[in-house]
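Colleague: Could you walk me through this one? I'd like to start with a helix and then move on to a strand.

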Amino acid sequence: MRREKSTGGAAGVLYDSECLVWTIKRGCAMGDEAGPKCRGHEPGGHGRGTSSYRMQDPGIVFDSLALKPGDWFLDLGCGPGDYSIRASTIVGRVGRVYALDERRHVIEVLRRKIQALGLDGLEAIPADITKALPVGDRCIDTCLMATVFHVPGVSKHAETLFREIRRVLKPGGRLAIIECRKEDMPLGPPKEMRWSPEEIEHAIRSCDFEKTGLVDFKYTYLIQFTMH
Ligand SMILES: C[S@@+](CC[C@H](N)C(=O)[O-])C[C@H]1O[C@@H](n2cnc3c(N)ncnc32)[C@H](O)[C@@H]1O
């Protein structure tokens, strides 16, 4: 696990830039009911990786994504796969979910979970999302990147990444990005690593996507684009 000293947050914290985790010496952070619990201690146990899934109300996220049975869903930088698992229960066996992450052990943990849950339509694949995506052309209805774009090693490849997302999306397909609000808070990346919705719109401006939605949560936001 890569850990970096934060320059932007409360004293006595470390930020794990792969997992969106502030490790706070005094213990868990921001444990209110709609917000994140102590990230390393979420259900699922050791080795599952860290999820942003409960940093906002996942029900509102999935209402906004409006997935349907039979849809094909791509989760880039899936981590423990919480979004993929929920998506798979919606799109069903006639649909398909691809969950991609560069960390092999996270993919292995997710694969075991998929098997235990019997989710035939969900495939976890180790992949670096800044390179060619291991997904066919024009087959995806909705692509999600949840708290991944702020990772500098990802956003510096924005052009390649958005080009690849365009390639795999069906015409009229959607890209949904969840990121932490660009504010100081004791959980998540330091403020200087965060992207505001306007900055994401700017980064994607030349890629022929139209912004079609923005939902603000307490700690995060969900911005959606539709491909022309
Ligand atoms: C903060 S976690 C978010 C996990 C998940 N999307 C969620 O919100 O529950 C960021 C994830 O992005 C993955 N990641 C970072 N850079 C990546 C890359 N170049 N290719 C694939 N995955 C990457 C990390 O391994 C990690 O699982």
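Modeller: Helices (H or I, at least four residues) and strands (E, at least two) are DSSP runs, numbered from the N terminus, and the expected span of a helix is 1.5 Å times one less than its number of residues. This is a predicted model, in which local features need pLDDT of at least 70, side-chain atom pairs count only at pLDDT 80 or more, and totals for chains, interfaces and linings use all residues. Residues are numbered from 1 along each chain as its sequence is written.

Colleague: OK, how many residues has helix H3?

Modeller: H3 spans residues 104–117, which is 14 residues, and from its first C-alpha to its last it reaches 20 Å, close to the 20 Å expected.

Colleague: And which residues of H3 are buried?

Modeller: Counting a residue as buried with 20 or more other C-beta atoms within 10 Å of its own, exposed with 12 or fewer and partly exposed in between, with C-beta atoms placed from the backbone, the buried ones are Val106, Ile107, Val109, Leu110 and Ile114. They line one face of the helix, because they fall within an arc of 160 degrees seen down the axis of H3, the arc being that of the directions from the helix axis to the C-beta atoms. On the other side, Arg104, His105, Gln115 and Ala116 are exposed.

Colleague: Switching to strand S7, what does it pair with?

Modeller: Taking two strands as paired if DSSP finds at least two bridges between them, S7 (residues 140–146) pairs in the parallel sense with S4 (residues 72–76) over four bridges and with S8 (residues 169–180), also parallel, over six bridges. Leu74 stands opposite Cys143 in S7, while Ile140 has Leu169 in S8 as its bridge partner.

Colleague: Is S7 covered or exposed?

Modeller: Strand S7 is mostly covered, with seven of its seven residues buried.
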